[in-house]
Amino acid sequence: MATLATTEQDFSRLPEMPEEVFTAPLRRPDHLGEDWLEPKQTVYTPEEHAIWDELFARQMEVLPGRAASAFMAGLEKLDLGKGGVPDFATMSADLDALTGWSVVPVPMLIPDHVFFWHLANRRFPAGNFIRTRETFDYIQEPDVFHDVFGHVPMLTDPTFADYMQEYGKAGWKAMRYNRLKALGALYWYTVEFGLIQEADGIKAYGAGILSGPTEVVYASEAKSPNRIMLNVDRVMRTDYVISDLQPTYFVIESFEDLYRQTVERDFDRLYRNLPPAFTYANSAVIDVDNVLNRGTQEYLLRGGRGSGARPV
Ligand SMILES: [Fe+2]
């Protein structure tokens, strides 16, 4: 059966990025090889460890009751709150024993094809650097706090861990069809900003939500955003905003449901039918949507982050 990933590929080798596929132009620092990995993790200063501890403590004020139980369990299993920026080697050994994943240091955002290659081999590339006091509340470039605190706990969940690997493998096929934008939207609305239905309410499992204090509350409680059940075809046609709170969140029933909807379906057919540009605005509600809450979009209508609108 054709699936999200392509079946006949050798995932052990770094894929070629076809020339016609657009990706952000990134210059590889001279000291790095083709894998873009730092030879080793940064040695952090006491001030940098203190920044991790403060960010960690701030999140723990808002996460209980709002973060997915798999995420909270992952934090415990990896003991990420023991103090200071976690050591990647220790964390990787623990993670390997649980789901066969490791965490590897990178200096900055890395090219899509290199990112896919690491994920396909169950390696999670994490930013080596940590934000400063000046960028404590918000940074665009993912740092070690976003990458490790936000993403790594979910990799302790066996089904989610498999989904992440399949997502990496899916990159090969998306590049062949020149549909990286669509695949990027799937990552955005699941891995970064996904919500899940649990017995006692809707919880966040996306790292973009879980690594900051504002969006955790907004995503689960605010009246502004839409909350719509995940439909992969629809999500892959939907634009997304990278520097503000999301106008729409997509909700899954379970990680098994996410896996089934994405991995076990015919992406060749989907890619052939997808237009190169997004069809739906990020605030749109459309006929096929299974809507849990239709948002007021008050936050967006008041101008969003730049205008100082309250995240209501
Ligand atoms: Fe991320």
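Analyst: Helix 7, residues 180–192, is mostly covered, with 10 of its 13 residues buried. Here a residue is buried if 20 or more other C-beta atoms, placed from the backbone, lie within 10 Å of its own. Helices (H or I, at least four residues) and strands (E, at least two) are DSSP runs, numbered from the N terminus. The model is a predicted one: local features need pLDDT of at least 70, side-chain atom pairs count only at pLDDT 80 or more, and totals for chains, interfaces and linings use all residues. Residues are numbered from 1 along each chain as its sequence is written.

The buried residues of helix 7 include L183, Y187 and W188. The partners against which the buried residues pack are helix 6 (158–176), helix 8 (207–210), helix 10 (232–235), strand 6 (248–252) and helix 11 (255–263). Contact requires that the C-beta atoms of two residues, placed from the backbone, lie within 7 Å.

Consider helix 6 among these partners. The axes of helix 6 and helix 7 come within 9 Å and cross at roughly 160°. Axes are lines fitted to C-alpha atoms, for helices over the stretch in contact, and angles run from 0 to 180 degrees between N-to-C directions. The two helices, helix 6 and helix 7, are therefore roughly antiparallel, a term for angles over 145 degrees. On helix 6, Y167, A170, G171, A174 and M175 meet L180, L183 and Y187 of helix 7. The residues of this contact comprise 7 nonpolar, 1 polar and no charged. Ala, Val, Leu, Ile, Met, Phe, Trp, Tyr, Cys and Pro count as nonpolar, Asp, Glu, Lys and Arg as charged, and the others, Gly among them, as polar.

Notes
Buried ≥ 20, exposed ≤ 12 C-beta atoms within 10 Å, placed from the backbone. Parallel < 35°, antiparallel > 145°, perpendicular 65-115°, else oblique.
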